[in-house]
Protein chains: 2
Amino acid sequence: MAQKPSIPKGTRDFGPQEMAERNYIFDTVREVFRTYGYSQIETPSMENLSTLLGKYGDEGDKLLFRILNSGDAFADVDMSRPLASQVCEKGLRYDLTVPFARFVVQHQNEISFPFKRFQIQPVWRADRPQKGRYREFYQCDVDAIGSRSQLCELELIQIIDKVFEKLGVGVLVKINNRKVLTGLAEICGFPDKVIDITVAIDKLDKIGLDAVKAEMIEKGLSAEAVAILEPVLTLSGSNAEKLARMRSIMGSSETGLKGLDELEELFGFISSAGIRTECEIDLSLARGLNYYTGAIFEVKAKDWEIGSICGGGRYDNLTGIFGLPDMSGVGVSFGADRIFDVLKGLGKFPDDLCGSAKVLFANMGAKETEYVLPVAAALRSSGVSVEVYPDSSKLKKQFDYAERKGIQFISINGDDEMSKGIVNLKNLKTGEQESFAISDVNQIVDALS
Amino acid sequence: MAQKPSIPKGTRDFGPQEMAERNYIFDTVREVFRTYGYSQIETPSMENLSTLLGKYGDEGDKLLFRILNSGDAFADVDMSRPLASQVCEKGLRYDLTVPFARFVVQHQNEISFPFKRFQIQPVWRADRPQKGRYREFYQCDVDAIGSRSQLCELELIQIIDKVFEKLGVGVLVKINNRKVLTGLAEICGFPDKVIDITVAIDKLDKIGLDAVKAEMIEKGLSAEAVAILEPVLTLSGSNAEKLARMRSIMGSSETGLKGLDELEELFGFISSAGIRTECEIDLSLARGLNYYTGAIFEVKAKDWEIGSICGGGRYDNLTGIFGLPDMSGVGVSFGADRIFDVLKGLGKFPDDLCGSAKVLFANMGAKETEYVLPVAAALRSSGVSVEVYPDSSKLKKQFDYAERKGIQFISINGDDEMSKGIVNLKNLKTGEQESFAISDVNQIVDALS
């Protein structure tokens, strides 16, 4: 009858091995977040569409998964009006940022500000599925909201530093500041061309200085404007040198100077705090420009070719859309899927993450099983992971099971062992075999560790 | 502009404290599952409606949350046919059981059987929200599939025993067997009245023997049939006595005798394995009758009035609906919300789950902060959770922050400490204050632990 079952395109099952590897990433970030005093929260998978719509642009609105109203959704529809908006009031969350803003506003009286939270939950986007892009994927966000201090930016960089140290991945943190970009656009006389200027700068590596300048002209900048910008197009040297060069041309933009002050303060903190990871100013960083108001971050893996694996920035008015203005915050999001790919690619996952049992008691029949049940229970009470094979199948099958699951020891006990009151342990890696008094649980625990 | 934001009815936000308490439950069960060699998997939140429909009865079909097709869902609808089925192909999962069955069938060639998996994920039901019933809630399922051995049932009881021991909750495990119920219906001559008989038996405590007998007659059983059943209606004594009484009347039902054999074997294993928790045969247990084929379990908290907090049973043909017949399995589901209520009600959550930072470095200004950043970083590297207050606010505000977040130590360092090269630690519980050389991180770690 049944056809082979399948899952919706763009979604995934995670089996034991991949699940263990993903948990390793989540456990690592969670542990680091906690060391810095961030608390975990969760929000519902579904939000009211009124919370979600208009927050991600027209394109984002189209990518929302909408949930049909329960009951008879079509009972009272007016066929002359668009149906979707009449039969759906809820949608699946598209990111963790908007629900976080909604959470902060809704619970503002219960929250101690500055509020330092992290959130690790799936999000859904009706994007066209393709390699590395899914319709359901986890985001892993950490934010501090309710303070304008650059120490919050520092803390996120410390967290990034520590997370990738623990994961064994060399990374580069690129840092920019929205105010500096605004300042550049101002000083060259084209304050409304921030995005065009940034997009052009971003191509410098690929197309070279002349082509970048040509692109700026094409986008409507004057030759004089491009000449003013030229010194920052070819920024090089240390972060201090870059800052000095920018300061020399930023004189007339208050916003730009404020951005440079912020960058300078942040790099001062970075140096005081002893960050291991290389941090560099990158003016071409334009991530989420219509959203961020201060620092912008992006993290690249050094030894693996992939897009940014973590990124974020400071926003001054995220909660304003829900009626709570002037609540500045800063956050970054760790990209679990890309970090997974980097760890896989570099072979950085620890062995034996899957947490297989340490020992399998083979099943030699009912009596023999009753004989080993108490020692299996005692071992588990000592924290050892133990399996008892449920069926008295052929030993070959039981050995295969142990091998496929990566179980290191097998214990086979029959009449002989029962009469002597012992249990055997065979190390499947070395082939060595030892016997122990069944009552001597401590010694068995030692042998297994 | 904005109205106060809200979330869909029947859904919840989990703030830091509740989140920490929920994680405590999940971490506890996860740890126990691992000790028994169960592996975690995850399946997508959305499944094809063809996977979900018809698996939960007509009522269940109505409670599925359906997801509107992406793109223009209404572009090609035929207005003369029901719209819902034309515009929705996906739904949110209703439980973890059907997706698990789908997973096993879809991945059968990658799986080592017997397959022991657990799964902790939210499920969604468009039920009318009410106290204790939500439209989004977590399920926490553990199953072993691919073996008919009663050792699998034993293992689940061991897991239940260990989970509630760790959580500090006294429980009673009620055990029944579907085959015994089938047998009783057979021996009294009404094989199609299994559910009516079980529902009636279930009311014994509340309405008494005579009323139960009357209900059976009302449901169509003969007086002779009720007379045959009477000895099992008033079952009492030990599990062995109950088994003996049932065996005395079950002679003519092969299925019933098989059920009694299974119960007897299981109680033999329970006694061999040294289960701490009381386990009792309860014939009135009827949970999911059209689904289970062998053992049925239900767990009740002893000292808190609430429905069952964990339950499950053996199914012989769960994967048959997806084309893989004869794959017997057994599983239980832990009810996270009810277990949460029990732990709250009995005051069994450990203190300080929220994992507040251990120490807050007060912010006395830019210089002072740069002075403490390295020691804060060093403490974190030693595993201590540390916050540095981001703003140089009034000390009163910083003390309030520490208090609200339950941070035990505050460290206030100004010119005096900087000139001496020391840091202060004030214990907010005892009021005691001590000073340490800023370079002596080990001693500071000791003082904080």
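The text below takes up the salt bridges, then the cysteines, then one glutamine.

The model is predicted, so local features need pLDDT of at least 70 and side-chain atom pairs count only at pLDDT 80 or more, while totals for chains, interfaces and linings use all residues. Side-chain values use heavy atoms, without hydrogens and water, and residues are numbered from 1 along each chain.

A salt bridge here is a side-chain nitrogen of Lys or Arg within 4 Å of a carboxyl oxygen of Asp or Glu.

| Pair | N to O distance |
|---|---|
| Arg247(A) and Glu264(A) | 2.7 Å |
| Lys302(B) and Glu278(B) | 3.4 Å |
| Asp416(B) and Lys420(B) | 3.3 Å |

Asp416(B) and Lys420(B) both belong to helix α17 of chain B, 4 residues apart. Lys420(B) is exposed at 54% relative accessibility, and Asp416(B) is partly exposed at 41%; the classes are buried under 20% relative accessible area, exposed over 50% and partly exposed in between (1.4 Å probe, protein chains only). A network of salt bridges links Lys116(A), Glu155(A), Arg380(B), Glu387(B) and Lys405(B).

For Cys152(A), the nearest cysteine sulfur is that of Cys310(A), 16 Å away. Cys152(A) is buried, at 5% relative accessibility.

Gln40(B) is buried at 6% relative accessibility. Its side chain makes a polar contact (N or O atoms within 3.5 Å, one able to donate a hydrogen and the other to accept it; residues adjacent in sequence count only if both atoms are side-chain atoms) with the side chain of Asn23(A), at 3.0 Å.

How values were computed: Chains are lettered from A and ligands numbered from 1 in the order in which they are written. A disulfide is a pair of cysteine sulfur atoms within 2.5 Å. Helices (H or I, at least four residues) and strands (E, at least two) are DSSP runs, numbered from the N terminus.
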